[in-house]
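Hello,

Here is the structure for your files.

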Amino acid sequence: MRAHAQRLNGLGTTIFAEMSALAVRTGAVNLGQGFPDTDGPDSVLEAAITAIRSGANQYPPGRGIPALRQAIVDHQRRFYGLEYDPDTQVLVTTGATEAIAAALLAYVEPGDEVIALEPYYDSYAACIAMAGGHRVPVTLRAPDFRLDLDELRAAITPRTKVLLINSPHNPTGTVLTDDELRGIATLAVEHDLVVITDEVYEHLIYDGGRHRPLTAYEGMAERTVSIGSAGKTFSVTGWKIGWVTGTPEVVTAVNTSKQFLTYVSGAPFQPAVAEALALGNDYFDGVRAGLQQRRDLLCDGLSALGFGVHRPQGTYFVTTDIRPLGHTDGVEFCRMLPEKTGVVAIPHQVFYDNLDAGRPLVRWAFCKKLDVLEEALNRLTKL
């Protein structure tokens, strides 16, 4: 057999799969992979069951069922005052991961440069590589993990085609400020760049903060691929229902590649997600409040154990520095942790090109039941 394509070099088993398997083998509490351990709202689950029993089990329309596309339009108007045509400016995808892949395939030519904020979600690297692009990192550095606009400006070259922006940001929990977003918009317009925005944690922002869609900034509507997802907000990560919004030209471009990836996505889950997006403010407020309580429990507990804790503004991940505990390598630390303490976490290093910046950092998921987090903290006292 010939060797696989060189663009796949380094894209082996993901760290999430490795650590989740380690959690199963050791019986560890899994604070590594970011999935909730509770289901979404009963009404939403029942809507999916009803759809299955009603025969919604064959291919749905390629761009998504009309009810979901309209629900996405209503959601964007309700929360951000953005207006879209459900027939031409919305595309339902198999989760945000497929949306990101399809967008990169739609806009990146071999050799084009894609700037991504690091640490970055691991699929970004894989999707850029599979599109034939060259990844250019701009590092968000501890302890505040803020975007340096001068560094972003310096990273742009004549070969730069796409900015891949994630806010709220996984894994740091940073929520980009108005000044940061305005700076990104200015650079994107100045250099005629496409901007792909991963906004899957848009409703998981704490301490009174709020999400600002980059597409709302001057000059951005015609160049922004906005990506959302139901999985994180409604605790249905396994349903894999995401979406793209943008101009008709943007959505058509992304759909051109998406249709040859999965073709269509989760027929019986689409009407259920349409119902979820229409839930009242009490649901969205409750999700935020519950996760903020869990964030604070885990942050306070890890701090008491001696970790250097970076309290996140959003998402459901906490980043810690392991050096106060006498460790310097996050990969070694995370591989040791399940056997020694019965807890699984994720090393930041796998999210970086700049390995030294991520080496002493470890990510923990707090989207778990309170008693699970308390059990994990209790086990970690073995450190």
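H4 and H5 cross with a right-handed sense. This is in a predicted model. H4 covers residues 95-107 and H5 covers residues 122-130; their axes come within 9 Å and cross at roughly 30°. Angles under 35 degrees count as roughly parallel, so H4 is roughly parallel to H5. On the H4 side, the contact uses Thr97, Ile100, Ala101, Leu104 and Leu105. H5 answers with Ser123, Tyr124, Cys127, Ile128 and Met130. By class, the contact of H4 with H5 has 8 nonpolar residues, 2 polar and no charged.

Next pair: helix H10 (residues 281-304) and helix H13 (residues 370-380). Their axes come within 10 Å and cross at roughly 5°. H10 and H13 are therefore roughly parallel too. H10 brings Gln293, Arg294, Leu297, Leu298, Gly301 and Leu302 to the contact, and H13 brings Leu370, Leu373, Glu374, Leu377 and Leu380. That contact splits into 7 nonpolar, 2 polar and 2 charged residues.

Now the cavities. There are 2 of 30 Å³ or more. The lining of the largest cavity counts 3 nonpolar, 4 polar and 2 charged residues.

The second largest cavity holds about 50 Å³. Strands E5 (160-166) and E6 (194-198) each supply at least two of its lining residues. Among the residues lining the second largest cavity are Ile165, Asn166, Thr197, Asp198 and His211. Its lining has 5 nonpolar, 4 polar and 3 charged residues.

Best regards

Notes:
Residues are numbered from 1 along each chain as its sequence is written. This is a predicted model: local features need pLDDT of at least 70, side-chain atom pairs count only at pLDDT 80 or more; totals for chains, interfaces and linings use all residues. Side-chain values use heavy atoms; hydrogens and water are left out. Axes are lines fitted to C-alpha atoms, for helices over the stretch in contact, and angles run from 0 to 180 degrees between N-to-C directions. Helices (H or I, at least four residues) and strands (E, at least two) are DSSP runs, numbered from the N terminus. Angles under 35 degrees count as roughly parallel, over 145 as roughly antiparallel, 65 to 115 as roughly perpendicular and the rest as oblique. A crossing is left-handed if the near helix is turned anticlockwise from the far one by less than a right angle, and right-handed if clockwise. Contact means heavy atoms within 4.5 Å. Ala, Val, Leu, Ile, Met, Phe, Trp, Tyr, Cys and Pro count as nonpolar, Asp, Glu, Lys and Arg as charged, and the others, Gly among them, as polar. On a 1 Å grid over the protein atoms alone, a cavity is a set of points where a 1.4 Å probe fits but cannot get out, and a pocket is an open set with protein on both sides within 12 Å along at least five of seven lines; lining residues have an atom within 4 Å of a point. Grid points are joined across faces, edges and corners, and a volume is the space filled by probe spheres set on the points.
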